[in-house]
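Thanks for coming, everyone. Please have the model open while I talk.

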Amino acid sequence: MLLDEALARRTVMGSTMAPAVMLRPDQVVNDRPAGTPRLPSMAMAPTTDWNPILRGEFEKPYWTDLMAFVAAERAAGEVYPPAGEVFAALHLTAFTEVKVVILGQDPYHGPRQAHGLCFSVNPGVAVPPSLGNIFKELDADLGISPNASGDLRPWARQGVLLLNTTLTVRAHQPASHQGKGWERFTDEVIRALGNRAEHVVFLLWGAHARKKKALLDRRRHTIIESAHPSPLSAHRGFFGSRPFSAANAALEGAGLGPIDWRLAPS
């Protein structure tokens with residue numbers, strides 16, 4: 001079962017498909033229901049244990065409307081990230097392996113930047129200002145020098161869920177896909193982690209992320225809050241907050257291994 005196959009209700013060759021069933025890659029092509037147009041080819045993502053947790057969302061009316069909206073947006077122009085990377089955060093960090101959650105708002109809206117992980121950019125892309133400030137605080141906190149690459153996938157593979165609360169955006173138009181339904185979906189992700197018995201550290205940076213603490217149980221998990229790392233607010237409480245050492249201290253206090261926040265030199 002693949003989350004990317006939940007990108008349903010596409011318009012293919014002028015025909016609107018019904019919401020896609022969560023099928024294996026071979027079933028999508030070879031065993032599609034009679035009369036259903038063939039899906040365009042796409043890169044298939046690995047199986048993820050998030051599917052049984054989130055599958056119920058795909059049956060709700062808001063999901064059909066959201067997928068129709070995203071499909072129409074892609075038909076009309078450029079949307080980021082590419083369709084195959086929309087759920088990259090969930091594919092890279094399994095539900096059972098989440099140790100830390102970092103919440104962003106919506107994807108970067110410039111070419112080649114967004115690849116499905118909040119604050120992260122593709123290799124070879126210039127480090128955006130907010131991520132640059134994250135690297136500055138990482139250096140001040142743990143003495144880890146800023147990296148030339150803004151690719152944060154090494155964090156994701158260790159159990160750091162890098163989740164935007166809105167998963168797509170129209171090119172060059174920030175916040176253009178907010179309020180369309182993504183927040184309901186990602187709230188369910190956050191809620192599922194909040195209900196998990198195993199300890200999780202939530203790093204909530206900025207007012208938007210801090211609102212999500214209403215979905216969490218402080219008695220069960222650690223919530224670390226500060227200002228957003230944006231250049232507009234980093235000096236109002238992000239710098240000096242030492243979130244990386246605080247997260248590792250909380251993990252070790254819960255009997256879990258710390259995150260190695262170093263990124264490979266590039």
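Predicted model: local features only at pLDDT ≥ 70, side-chain atom pairs only at ≥ 80, totals over all residues.

Residues are numbered from 1 along each chain as its sequence is written, and side-chain values use heavy atoms, with hydrogens and water left out.

Confidence first. pLDDT is the predictor's confidence in each residue, from 0 to 100. The protein chain has a mean pLDDT of 86, with 82% of its residues at 70 or more. Over residues 7–45, pLDDT stays under 50.

Now the helices. Helices here are DSSP runs (H or I, at least four residues), strands are E runs of at least two, and both are numbered from the N terminus. Two packed helices are described by the angle between their axes and the distance between the axes. Axes are lines fitted to C-alpha atoms, for helices over the stretch in contact, and angles run from 0 to 180 degrees between N-to-C directions.

Take α5 (residues 129–142) and α9 (residues 243–253). Their axes come within 7 Å and cross at roughly 60°. That makes α5 oblique to α9. Angles under 35 degrees count as roughly parallel, over 145 as roughly antiparallel, 65 to 115 as roughly perpendicular, and the rest as oblique. On the α5 side, the contact (heavy atoms within 4.5 Å) includes Ile 134 and Leu 138. On the α9 side, it uses Pro 243, Phe 244 and Ser 245.

Next, α3 (residues 61–76) and α7 (residues 182–194). Here the axes come within 9 Å and cross at roughly 125°. So α3 is oblique to α7 as well. Tyr 62, Trp 63, Leu 66, Met 67 and Val 70 of α3 meet Trp 182, Arg 184 and Phe 185 of α7.

What lies nearest the centre of the largest pocket? Gln 105, Asp 106, Phe 119, Ser 130 and His 228, out of 29 lining residues. A pocket is an open set of points on a 1 Å grid over the protein atoms alone, where a 1.4 Å probe fits, with protein on both sides within 12 Å along at least five of seven lines; lining residues have an atom within 4 Å of a point. Four lining residues, the largest share, come from α8.

Last, the backbone. Phe 119 has a positive phi, near 70°, though not a glycine. Phe 119 sits in the loop between β4 and α5. The peptide bond from Tyr 80 to Pro 81 is cis, with omega near -10°.
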